[in-house]
Amino acid sequence: MEYRRLGNTGLKVSEISLGSWLTYGGYVEEQNATASIDKAYDLGINFFDTANVYMRGEAEIVVGKALQKYQRDSYVLATKVFWPMGDGPNDRGLSRKHIMEQCHASLKRLNTDYVDIYYCHRFDKETPLEETLRAMDDLVRQGKVLYLGVSEWTAEQITEAVHLADKKLLDRIVVNQPQYSMLQRYIEKEVIPVSEKHGIGQVVWSPLAQGVLTGKYKKGEAAPAGSRAAQENFKALGGLLTEANLDRVELLKEVAADHNISLPTLALAWILRQKNVASALVGASRPEQVEENVKASGIKLSDETIARIEEILK
Ligand code: NDP
């Protein structure tokens with residue numbers, strides 16, 4: 001496993017990291033969740049991601065429990081705040097109240113004294129940005145959070161937050177968590193250039209397009225039993241499971257085969273060609289998937305291969 005600096009910080013994270021959305025505390029039973037986390041740790045993944053909202057706290061409990069056996073300083077743990085955790089008017093968003101209460105609740109569920117990264121899971125238009133940044137800064141000063149991040153903020157929102165933090169001498173955002181894969185590339189236009197300018201690194205979610213870029217889904221065939229798309233609630237895979245994408249996947253499989261690597265390995269190596277990406281944040285329902293996905297770390301694609309992929313993705 002190779003490690004990269006998270007933005008301009010001194011923190012080193014594994015090029016492949018492991019998340020827990022939908023899977024842990026959800027449709028993947030605990031034994032498989034724990035086995036996948038253990039496999040990841042054994043293979044050098046030092047970066048684990050969760051959020052308070054994933055299965056309303058259940059994912060944090062599963063991840064926290066699995067990580068208890070490892071030395072706390074040997075891994076980087078991230079969680080998030082924003083999405084509703086209850087029905088009350090203050091059970092959501094990025095107010096000082098909700099941030100403080102949810103940070104404490106997350107620490108309890110994760111059974112740890114601090115998280116390495118705390119993300120604002122979306123932008124909150126109903127809370128002044130300064131209130132949010134000050135609350136996050138206080139958590140850093142209290143030692144409960146080490147680094148600040150945002151998820152799915154626009155280039156404009158990121159810029160505003162950086163300028164405000166500098167003006168008010170508050171801790172700065174150092175990481176952004178957007179969706180990014182061969183099939184979803186919106187961040188290339190503005191988010192990456194702005195992040196590069198401000199020393200912010202990307203930790204990208206759904207780098208395998210929720211499994212579409214593994215080649216397991218095929219045109220005209222039912223989703224394989226037990227896969228994410230076989231779950232009634234997730235069958236469209238966020239709009240990524242389309243015929244046009246499955247056509248692209250068939251061509252991408254040929255590129256992978258020509259390089260003697262699997263399609264997931266190719267898809268993740270392609271992500272890691274971006275210097276601004278610190279880590280590709282994958283999901284895994286079984287340890288074997290983790291084993292496959294870590295193979296991408298350290299693989300450098302040639303300009304020729306990247307151009308061939310570009311033709312397919314056009
Ligand atoms: P991926 O694109 O990596 O999809 C993961 C799914 O693909 C797995 O659950 C598995 O599904 C399948 N898969 C993975 N590897 C393989 C393999 N080698 N062979 C076959 N199938 C494979 O990422 P996710 O969509 O899971 O997102 C990753 C993480 O990103 C989340 O866990 C979460 O931590 C974070 N995230 C953040 C968001 C945000 O708003 N900030 C939003 C969404 C996610 P199957 O069940 O079919 O086996």
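Reader: In the protein, what percentage of the contacts with a separation of 6 or more joins residues 24 or more positions apart?
Author: This is a predicted model. Contacts here are counted at a separation of 6 or more. Residues 24 or more positions apart account for a share of 77%.

Reader: What radius of gyration does the protein have, and what would a compact globule have?
Author: The protein has 314 residues, and a compact globule with that number would come out near 20 Å. The C-alpha atoms fill a box of roughly 50 × 40 × 35 Å along the principal axes. The radius of gyration agrees with the globule value, because the protein has 19 Å.

Reader: What percentage of the residues in the protein is buried?
Author: Buried means under 20% relative accessible area. The accessible surface of the protein comes to about 13,700 Å², and 49% of this belongs to carbon and sulfur atoms. Of the 314 residues, the buried ones make up 56%.

Reader: How many helices and how many strands does the protein have?
Author: Among the helices are α2, at residues 58–67, and α4, at 129–141. Among the strands are β7, at 145–150, and β10, at 277–282. The counts are 10 helices and 10 strands.

Reader: Why is helix α2 largely enclosed by the rest of the structure?
Author: Helix α2 has 10 residues. Its buried residues are A59, E60, V62, V63, G64, A66 and L67. Helix α2 is largely enclosed because the buried residues number seven of the 10.

Reader: What covers the buried residues of α2?
Author: The buried residues of α2 include A59 and L67. Their cover includes helices and strands. Among these elements are α1 (30–42), β4 (47–49), β5 (76–81) and α3 (96–110).

Reader: Which residues does G7 touch, not counting residues up to four places away in sequence?
Author: G7 sits in the loop between β1 (3–5) and β2 (12–14). H198 is 191 residues away along the chain, yet the C-alpha atoms of G7 and H198 are separated by 8.6 Å. The residues that G7 touches are V174, G199, I200 and G201.

Reader: Which residues that line the largest pocket are the closest to its centre?
Author: The largest pocket has a volume of about 750 Å³. Its lining has 39 residues. The closest to the centre are W21, S206, Q210, R228 and G283.

Reader: Which element gives the largest share of the lining of the largest pocket?
Author: By class, this lining divides into 15 nonpolar, 18 polar and six charged residues. The largest share from an element is three residues. That element is α9.

Reader: How many charged residues are in the lining of the second largest pocket?
Author: The second largest pocket has a volume of about 200 Å³. Of the 15 residues that line the second largest pocket, R4, L272, R273, Q274 and K300 are the closest to its centre. The lining has six nonpolar and three polar residues, and the charged ones number six.

Reader: Which element gives the largest share of the lining of the largest cavity?
Author: The count comes to one cavity of 30 Å³ or more. The elements that give two or more residues to the lining of the largest cavity are α4 (129–141) and β7 (145–150). The largest share is three residues, from β7.

Terms used:
Residues numbered from 1 in each chain as written. Predicted model: local features only at pLDDT ≥ 70, side-chain atom pairs only at ≥ 80, totals over all residues. Heavy atoms only, no water. 1 Å grid on protein atoms, 1.4 Å probe; cavity = no way out; pocket = protein on both sides within 12 Å on 5 of 7 lines; lining within 4 Å. Points joined across faces, edges and corners; volume = space filled by probe spheres on them. Helix = DSSP H or I, 4+ residues; strand = E, 2+ residues; numbered from the N terminus. Rg over C-alpha atoms; globule rule 2.2 N^0.38 Å. Buried < 20%, exposed > 50% of the residue type's maximum accessible area, 1.4 Å probe, protein only. Contact = heavy atoms within 4.5 Å. Areas by Shrake-Rupley, 256 points an atom, 1.4 Å probe, with all protein chains shown as cover. Nonpolar A, V, L, I, M, F, W, Y, C, P; charged D, E, K, R; others polar.
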